[in-house]
Amino acid sequence: MCTNTKGLDIDKTKNIFKDLRIQIEKNRSAFSNYNMVRMREAIRYLTPEKLEIFIKIPFLLHINFPEYPGFIDNKVLSHGIWNFENSGFYKEVLKTKIFPKSVIENIKIDRPSILGFYHIGSLGTFTQSIGSDFDYWVIIDKKKFSKERYAILEEKLDAILKYSREAYEQEVTFFIMDQKDIKNNCYALFKGEETLTASKIFLKEEFYRTFLMIAGKIPIWSVLPGPQESKKNTVFNTDGITAQILSMHDDLIDLGQIDSIPIEDVLKGLLWQICKSGSDPVKALIKATMVFSYGFGQTANQCLLCEKIKQGYSKAGIDDYDVDPYKAVFDRILEFHKREDPKVFNLIKNAIFFRLCEYPDVKMPNKNTPKRLLLNKYIRTWKLSKDQVEKLLSYSTWSESEKLLLEKTFIQRLAQMYNHAIEETNKTKHLLNMETEKRNWTILRNKTRERLGKSSNRISECSTYLKRRNILRLDIIKKSDSWELNVVTQAGKKIDRLYNHSHLLGVWGWILENQLYRRHTATIALDADLKLFKAGNNPIDMDKMYMVFQPLKPLSDNCYEKESSWSKMMILLLYDKNIINTAEFLISNTWGELFFDRIEFVQKINKEDHCNQIAEFMLKYSGQSLRFFIYQLSDTHDPKIVYQLKKAYNDLADTDGKAISTRKKPYLDRL
């Protein structure tokens, strides 16, 4: 009896293995079909030049020849992609003859450095545009890398990145990942600590939802049975199935699974998108809403979008918009707002419309493309009139105030979701474990405060559309009661009265805050009766003031580990017949925020009183790291004013026990 039962168990296990093999081959075929469809979409939107570098990049990673970009003259080998000679990209190189036969025939590598090479992000989706970056994940086994070998791989990637930028004007980013680390949701640098502030779970979810297989091993997630199918198997759990499949196929790689999304990751993902909204509020709102839907609302939806995409692998067809990763995102957030918050339903429609039309350079997608077909469907479903569609498509001609109003509405929606999330998580505070990543949470919270913070004297942002313009000339012109900014763009468009402010540093601060003046390609001029002076008797131009606040925006997130502190103060003294009538101030802090203030001297007082009032103002912002830069706008240079200001400041500082530090004195002495 026992023998028969044991025999039945063995037969059952054999049948399970047999079914599993059949299922894996079926899923592998479905993934191959889907990847081909996505790749075709990516190629559709690439220019011939961009397509050429897209094909070249994996090949340059695989080879190491002196005559080609990415060559590293070192005996330690750090090139090669696993099984590259059997990849579609290798076959494409053979077909296009981008590389000579002598190179193509000598690409067999015994110990390739790279296990898997994948593109992640917008390529091959509705959101791909002519300006889309190429973002790659480079998967290695760091146990097989010495510090030297890893440094050589980084050097090779940097060389290819530089070549792509200079020869093809294509931005490329490589993210080197260790297979075991990624499997365990660890994104640490090589033998370094993990400092990632983004949600690790959502990063992996986005990878599985959007990745394009370029070369190397196939992520096993792509061929595993889905959650529902796995539940039917009572003999093996997911780890058991994964181990069994890996033992049968050497061309698969385990980058980990996603079982569920904890509320900590939902909150972190939301904060991350808010922090990124400065560069693209439309994209940030769509992604933030997707993240928000996983953890909040009356019926939070934990169904993973990447799994939904995987379910459609086998159904993917050419020109089929239903298989696009972003179609699943759009469906989810539309359903969420329709159910949870109908008041902002139209706002989400606008965001999706603009995302499909390549915001901020809004235009109708090409005819007969999946993107155009989906947009047409939305226009019909949402019952948009011809006038409404034309209004949205004419976004580039909207006034700057109209563009800003729309973006302000997007940011307000982000703030609403943030406030709701904080309120809800405070109710269940015991569920959150922020101590495990205390630094990352501190950075995210502080960056969110900076992004959503409001202050009456903080320099305002311009629209995303304007930030993306290449401006060749900026003219700041003095009017009777204000200062006006006129610009000329690279396209030759002249924009008069783009911005105006009652004070010169108000205009200058706005230019700096929005990084509109790129001094290597642009010129800037001041049109005023008075002259601009710094330390000497000779007048200076506006460009000399540019470097004071550079870099204005932080180069790393480290500054957000603590509260902001004042960093630099620019002081502009405006004279009228050798008498100071106004003092203007631009003050920056360590978080990259920029503030404007001023003192209007309404009564005629002596210069000593002027200096005392200015010194009192300077003292309000005093700190150990604050530096001062003093300029004059007058008929003639006032040679004594810096010394007089310094003396007034030191006298006040001594009284308050805040004497200027020795380290700071040279800045005033030099001025």
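Me: Hi! How far apart are the end C-alpha atoms of helix α2, and what should its residues span?
Reply: Hi! This is a predicted model. Helix α2 covers residues 48–62, and at 1.5 Å a residue its 15 residues should span 21 Å. The end C-alpha atoms are 22 Å apart, which agrees.

Me: Nice. Where in α2 does a kink lie?
Reply: At Lys-56, shortly before the proline Pro-58, and the kink is about 30°.

Me: And how many residues of α2 are buried?
Reply: 11 of the 15, so the helix is largely enclosed by the rest of the structure. Both Lys-56 and Pro-58 are among the buried ones, and so are Phe-54, Phe-59 and His-62.

Me: Let's switch to the sheet with β7. What is its strand order?
Reply: The order is β9-β8-β7-β10, an open sheet of 4 strands with mixed pairing. β9 (494–501) and β10 (523–527) each have a single partner strand, so one side of each is left without a neighbour in the sheet. On average, neighbouring strands are turned by 20° against each other, direction ignored.

Me: How many bridges join β8 to β9, and which way do they run?
Reply: There are 5 bridges, and the two strands run antiparallel. β8 spans residues 483–489. As for a facing pair, Trp-483 stands opposite His-501 in β9.

Me: Which helix packs on that sheet?
Reply: That's α20, residues 504–513, which touches β7 (471–478), β8, β9 and β10.

Me: What angle does α20 make with β9?
Reply: The direction of α20 makes about 120° with that of β9.

Terms used. Residues are numbered from 1 along each chain as its sequence is written. This is a predicted model: local features need pLDDT of at least 70, side-chain atom pairs count only at pLDDT 80 or more; totals for chains, interfaces and linings use all residues. Side-chain values use heavy atoms; hydrogens and water are left out. The expected span of a helix is 1.5 Å times one less than its number of residues. The bend at a residue is the angle between axes fitted to the seven residues ending there and the seven starting there. Buried means under 20% relative accessible area, exposed over 50%, partly exposed in between (1.4 Å probe, protein chains only). Two strands pair if DSSP finds at least two bridges between them. Axes are lines fitted to C-alpha atoms, for helices over the stretch in contact, and angles run from 0 to 180 degrees between N-to-C directions. Contact means heavy atoms within 4.5 Å.
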